[in-house]
Amino acid sequence: MELKRGSVVRSKAGRDRGFLAVLEYTERYALLADGRDRPLERPKRKNIRHLAATAHILSEDELATNRSLRRALTK
């Protein structure tokens with residue numbers, strides 16, 4: 001799975017099931033935000049084994065604010 005900043009992923013396990021955006025990543029963990037339950041100010045650290053990548057990548061403009069992130073993820 002190739003992750004990079006702005007990648008949209010689906011959480012397969014945990015209370016945060018749904019679509020999230022990758023803010024940062026390492027070889028084992030990713031920092032994720034969705035703009036609502038997990039705002040940009042306090043992202044969730046999640047093991048990449050519990051993520052499924054999608055084909056969508058968000059632009060830096062869509063990652064700028066929580067509001068724009070929510071709008072991009074609902075599309």
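User: Which element gives the largest share of the lining of the largest pocket?

Analyst: The model is predicted, so local features need pLDDT of at least 70 and side-chain atom pairs count only at pLDDT 80 or more, while totals for chains, interfaces and linings use all residues. Residues are numbered from 1 along each chain as its sequence is written, and side-chain values use heavy atoms, without hydrogens and water. Among the elements (DSSP runs numbered from the N terminus, helices being H or I of at least four residues and strands E of at least two), strand 2 and strand 4 (44–47) give two or more residues to this lining. The largest share, 3 residues, comes from strand 2.

User: How much space lies in the largest pocket?

Analyst: A pocket is an open set of points on a 1 Å grid over the protein atoms alone where a 1.4 Å probe fits, with protein on both sides within 12 Å along at least five of seven lines, and its lining residues have an atom within 4 Å of a point. Here the lining includes Arg-15, Asp-16, Phe-19, Asp-34 and Lys-44, and by class it divides into 2 nonpolar, 2 polar and 8 charged residues. The space in this pocket is about 250 Å³.

User: Which element gives the most to the lining of the second largest pocket?

Analyst: This pocket holds about 170 Å³ of space, and its lining has 6 nonpolar, 2 polar and 1 charged residues. Strand 5 (51–57) and helix 1 each supply at least two residues of the lining, and the element that gives the most, with 3 residues, is strand 5.

User: Is Ala-21 buried or exposed?

Analyst: Ala-21, which lies in strand 2, is in contact (heavy atoms within 4.5 Å) with residues beyond four places in sequence that include Ser-7, Leu-31, Ala-33, Leu-63 and Leu-69. With a 1.4 Å probe and protein chains only, buried means under 20% relative accessible area, exposed over 50%, and partly exposed in between. Because its relative accessibility is 0%, Ala-21 counts as buried.

Methods. Grid points are joined across faces, edges and corners, and a volume is the space filled by probe spheres set on the points. Ala, Val, Leu, Ile, Met, Phe, Trp, Tyr, Cys and Pro count as nonpolar, Asp, Glu, Lys and Arg as charged, and the others, Gly among them, as polar.
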